[in-house]
Amino acid sequence: MKKCPFADKCPFFNDAMAKLPLSAEMYKERFCKGDYEKCARYEVRVKCGKEAVPKNLFPNQLDRATEIVKSSKK
């Protein structure tokens, strides 16, 4: 699979989780370098724009991403 088109600017891809290297690598492999279309951060960015992506949104928080998208459409 291709790397996420937003990976170069994403804090999860660029070591914002330096204190948790094993977790960070898992996220990178699963989402950034893998199935990035299932990443919560990717979903919010595509549907709501870069500014709508919270810094503390983890790639696996799809429920939270869904709420952010719903709220932005109101």
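The following legends describe close-up views of a predicted model.

Residues are numbered from 1 along each chain as its sequence is written, and side-chain values use heavy atoms, with hydrogens and water left out. In this predicted model, local features need pLDDT of at least 70 and side-chain atom pairs count only at pLDDT 80 or more, whereas totals for chains, interfaces and linings use all residues.

**View 1. Confidence along the chain.** The mean pLDDT (the predictor's confidence in each residue, from 0 to 100) is 89 for the chain, and 95% of the residues score at least 70. Helix α2, residues 40–48, has the highest confidence, with a mean of 96, and helix α1, residues 21–32, has the lowest, with a mean of 86. Helices are DSSP runs of H or I with at least four residues, numbered from the N terminus.

**View 2. Helix α2 and its covering.** Ala 40, Arg 41, Tyr 42, Glu 43 and Val 44 of α2 are buried, that is, under 20% relative accessible area with a 1.4 Å probe and protein chains only (exposed is over 50%, partly exposed in between). Helix α3 (62–72) is included in what covers these buried residues.

View 3. The whole structure contains 0 disulfides, defined as pairs of cysteine sulfur atoms within 2.5 Å. Cys 10 has its closest cysteine sulfur in Cys 32, at 5.3 Å, which is too far for a bond. Cys 10 is buried, with a relative accessible area of 14%. Cys 48 is likewise in no disulfide, and the nearest cysteine sulfur, that of Cys 39, is 13 Å away. Cys 48 is partly exposed, at a relative accessible area of 25%.

Key. Helix = DSSP H or I, 4+ residues; strand = E, 2+ residues; numbered from the N terminus. Contact = heavy atoms within 4.5 Å.
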